[in-house]
Amino acid sequence: QAPLCCVQPVRSACGASVERGPTKQRGALAMAYPVLEEFIQNNGLDEKSARALRAEPNHIKQIVLDRGSLADCTNPSSAVIGRIRDARLQVLSPGVTPSATPEEVDRFISDNALDEAAAEL
């Protein structure tokens with residue numbers, strides 16, 4: 001499998017169009033620690049969601065980061081938890097689209113004043 005080396009447009013969890021550079025390399029995906037920490041800092045993730053992202057396998061982290069910035073999200077920490085869930089589903093069931101978008105989940109959490117523990121379910 002050839003590496004992806006072209007800049008490609010992608011949609012963020014909140015629908016914003018962003019451009020991402022190379023996302024895959026031959027062999028195992030290796031998530032560079034500085035890249036992950038930069039993503040966490042730039043998106044203002046809380047400690048709980050940052051810890052959840054760090055705990056994921058590299059291929060899940062890569063899928064989450066490939067979706068781009070969370071800057072336009074009302075609750076970036078909640079949105080990253082939704083991205084993690086979506087990435088897991090994508091790996092388990094390729095080609096199956098989640099029933100709710102991250103924006104819909106974020107709106108539901110906000111509308112129903114759910115706390116962080118409930119938001120992670």
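How many helices and strands does the protein have? The predicted model has six helices and two strands, where helices (H or I, at least four residues) and strands (E, at least two) are DSSP runs numbered from the N terminus. Along the sequence the pattern reads β-β-α-α-α-α-α-α. Because the model is predicted, local features need pLDDT of at least 70 and side-chain atom pairs count only at pLDDT 80 or more, while totals for chains, interfaces and linings use all residues. Residues are numbered from 1 along each chain as its sequence is written, and side-chain values use heavy atoms, with hydrogens and water left out.

Of the 121 residues in the protein, 35% are buried. Buried means under 20% relative accessible area, exposed over 50%, and partly exposed in between (1.4 Å probe, protein chains only). Contact means heavy atoms within 4.5 Å. Among contacts between residues at least 6 apart in sequence, 60% join residues at least 24 apart.

The largest nonpolar core holds 17 residues. A nonpolar core is a set of buried Ala, Val, Leu, Ile, Met, Phe, Trp, Tyr and Cys residues joined through side-chain atoms within 4.5 Å. Phe39, Leu45, Leu53, Val64, Leu70 and Val80 touch the most other members. Two or more residues each come from H1 (33-42), H2 (47-55), H3 (58-66) and H4 (76-92). H4 gives the largest share, five residues. Beyond its neighbours within four places in sequence, Val80 is in contact with Phe39, Leu45, Ser49, Leu53, Val64 and Leu70.

Two packed helices are described by the angle between their axes and the distance between the axes. The axes of H2 and H4 come within 9 Å and cross at roughly 25 degrees. Axes are lines fitted to C-alpha atoms, for helices over the stretch in contact, with angles from 0 to 180 degrees between N-to-C directions. H2 is therefore roughly parallel to H4 (angles under 35 degrees; over 145 is roughly antiparallel, 65 to 115 roughly perpendicular, the rest oblique). The crossing is left-handed, that is, the near helix is turned anticlockwise from the far one by less than a right angle. Ser49, Ala52 and Leu53 in H2 meet Ser77, Val80, Ile81 and Ile84 in H4. The residues of this contact divide into five nonpolar, two polar and no charged.

Gly68 lies in the loop between H3 and H4. Gly68 counts as buried because its relative accessibility is 2%. Gly68 and Phe39 are 29 residues apart along the chain, and their C-alpha atoms are separated by 8.9 Å.

Terms used:
Ala, Val, Leu, Ile, Met, Phe, Trp, Tyr, Cys and Pro count as nonpolar, Asp, Glu, Lys and Arg as charged, and the others, Gly among them, as polar.
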